[in-house]
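Reader: I have a model open and want to talk through a few spots in it. Can we start with a single side chain?
Author: Fine, here it is.

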Amino acid sequence: MCNPKSKIAIFKVCDAVIMLAALMVSIIVQTPAWQQISSVYDLLQVKLKVLNLLLLLLFVLLWYVLFRRAGLYQMRWLDDGQGEGKQIAKAVFVGSALLLIVAVSFQRNNLSWDVVLGFAGFAFMLTWVGRVSLRPVLRWLWQHNPQRLLLVGSNPRAHNFALHVMTQPQLGYHIVGYIDDPPNGQGYYPLSLTLKYLGSLQDFEAVIEREIIDEVVISLPMRSCYERIQCILEACEQQGIQAHLLSNFFPLRLAHARTTDFDGIPLLTLSTYRPSRWSCCVKRAFDLTLALCFVTVFAPLFVLIAVLIKLSSPRGPVFFVQTRVGYNRRHFKIIKFRSMVPEAERLQPELEAFNEANGPVFKIKRDPRITPLGRILRKLSLDELPQLFNVIKGDMSLVGPRPLPVRDVQRFGAAWLKRRFSVKPGITCLWQINSRSHTDFDTWIQQDLEYIDHWSLGLDLKILAKTIPVVWRGSGA
C-alpha cells in the first residue's frame, strides 16, 4: 500500500523542478548577461562553477525542508488543496529571503533584488498552478487503475479500515469483498457496509484463486485466529500476493516484513517481492523508452518479416495473438509473428501425447506445426519482436518471467509456482540467457523466482546485455 507515499514523492519532485525552473527563468529575464543567449547552443556554452552547483543543491534541499515544515506534503493538502496557497506563499517568502541572504553572503551578483523578487513570483505561481493541475491527474490515474483489495475479517477494526478506504477513493484502492467465519455457525457476520461477502476463512485460497487480488488486509483477532492467520499469510507468500496485518506479524521463509503507512494507518507488510513505487516507475520508464526506440529502429525489419510470412504462408495472418497469464494472473493478449500453420492451436490436443517437456508446459523439439520460415524466426527470436507493443501497452516488461498460456497455468499443481506471477512477464529472463529450451521446468521456475527475489535495475541491464549474444547464436531455441 504505497499510493499515498508515491503521491507525496511525485509532488516533491514536481516542487523541486518548479523551483529550479522559476530560479532559471528569473535569472534569464533579469540578468543582462543571460539576455545575450539567443539559442540552445549559446545556453550549452554557459559554464557552471562548482560553487554554483553546490549552492543550487543546497537550495533544493532547503526548499524541500521549507515545504515540509509548511505541511505541504501532508495528505490532507495533497488530496483537496484547501489552504494550500497560503502555506505556499509562506514557504516561498522564507525561501526567497534566505536566497537573498545567500546571494549577499557569497557575493552572487546575478542574484539581485529584482531577480529574487521575480523568483518569488514565478515560484509561487508555478507551484500553485502545478499542484492544481497535477492533483486531478493523479486522482484520475489512481481511481481508474485501482489496486484490488481483499479484506479478511469483519470486526470493528475491519469496518473502520474499509470505511476509510471507501471514503478515500483518491487512494486508488477497490475492496473486492471480505471473508470471515460465521459466528456460532449461523449465517455470516456482515460488515455494515456495501461490501460483498466472499466466503468463510476456509475459502481463502479458493477466493484468491477465483478473484483477481492485488493485496490482502487481515484484521482477525490474534489470540483466537493465530493458526488461521498463519495459513493465510503462507498462501499469500506462495502466490506472491502482498499481505498487510493490522496487528503482529509472523516469521515466514520468503516474505520480508516492513512497516508501511496507509494514509495515517500503521500496517506491517509482508511480501516476497515488492519494490518501492519509485523503483517501479523507473523500471516502467526504462521499459517504455527502450521499447519505443526498438520499435523505431526495427520498423523496416517488421515490414520485411510481415511480407515474408505472407509470401511463405498466405492463408494465415501475419501476427499470432494468444491469451497469456500475466501480472497477478491477469489475462492479456500477447502478440508474436506467426511461426506456425494457421490452425496450430486447434492441432495442439492431437500432439499432447508427443509433449517432450516435463511439468505443465507443452513443447516439442520438432513441432510439425512450425513453418520453414517460422523455424528461422524462432531460432533468431525474431518472432518475439511484436511483444515490444505489449511492453509499450504495459502488459509486459522487457525483463521478467516468460508469460505462459492459460493451458499451462491451469496445470500448475503446487501453489508456490504461482509466485512467478507477482511481477510483470517479460520478453527475456534468466532462463532465456542461461539455457533456453534446454532447461527443465523446475530449473526454469527456480530461475524465475531467483529473478523476483533479487530484482534490480542493474540485473535487468545485465540480462538484456547477455540476451544479445544468446539470440545472435540462436543457442537453445
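Author: Lys283 counts as buried, because its relative accessibility is 12% (buried means under 20% relative accessible area, exposed over 50%, partly exposed in between, with a 1.4 Å probe and protein chains only). This is a predicted model, where local features need pLDDT of at least 70, side-chain atom pairs count only at pLDDT 80 or more, and totals for chains, interfaces and linings use all residues. Residues are numbered from 1 along each chain as its sequence is written, and side-chain values use heavy atoms, with hydrogens and water left out.

Reader: Which helix does Lys283 lie in?
Author: Lys283 is part of helix H11, residues 277–297. Helices (H or I, at least four residues) and strands (E, at least two) are DSSP runs, numbered from the N terminus.

Reader: And what does Lys283 touch?
Author: Leaving out residues up to four places away in sequence, Lys283 touches Ser397, Val399, Tyr451, Trp455 and Asp460. Contact here means heavy atoms within 4.5 Å. For Val399, the backbone oxygen lies 3.4 Å from a polar atom of the Lys283 side chain.

Reader: Other lysines. Is Lys86 buried or exposed?
Author: Lys86 is exposed, as its relative accessible area is 57%. Lys86 sits in helix H6, residues 84–105.

Reader: What about Gly130, buried or exposed?
Author: Gly130 counts as buried, at 18% relative accessibility. The helix there is H7, residues 113–144.

Reader: Switching to strands. How many residues of S2 are buried?
Author: In strand S2 (residues 173–179), 6 of the 7 residues are buried, so S2 is largely enclosed by the rest of the structure.

Reader: What does S2 pair with?
Author: Strand S1 (residues 147–152) pairs with S2 in the parallel sense over 6 bridges, and strand S3 (residues 197–199) pairs with S2, also parallel, over 2 bridges. Two strands pair if DSSP finds at least two bridges between them.

Reader: Which residues are the bridge partners of Ile179?
Author: Val152 is a bridge partner of Ile179, and in S3 the partner of Ile179 is Gly199.

Reader: Now the voids. How many cavities are there?
Author: The search of the whole structure finds 5 cavities of 30 Å³ or more. On a 1 Å grid over the protein atoms alone, a cavity is a set of points where a 1.4 Å probe fits but cannot get out, and lining residues have an atom within 4 Å of a point. Grid points are joined across faces, edges and corners, and a volume is the space filled by probe spheres set on the points.

Reader: What lines the largest cavity?
Author: Its lining includes Ile208, Glu211, Arg329, Lys418 and Phe421. The volume is about 50 Å³. The lining residues divide into 5 nonpolar, 2 polar and 3 charged. Ala, Val, Leu, Ile, Met, Phe, Trp, Tyr, Cys and Pro count as nonpolar, Asp, Glu, Lys and Arg as charged, and the others, Gly among them, as polar.

Reader: And the second largest cavity, which helix gives the most?
Author: H14 gives the most to that lining, with 3 residues. Helix H12 (299–312) and helix H14 (372–379) each supply at least two. The second largest cavity holds about 40 Å³ of space, and its lining divides into 4 nonpolar, 5 polar and 1 charged. Among the lining residues are Ile309, Arg338, Met340 and Leu377.

Methods
1 Å grid on protein atoms, 1.4 Å probe; cavity = no way out; pocket = protein on both sides within 12 Å on 5 of 7 lines; lining within 4 Å. Polar contact = N/O pair within 3.5 Å; in protein donor to acceptor, adjacent residues only side chain to side chain.
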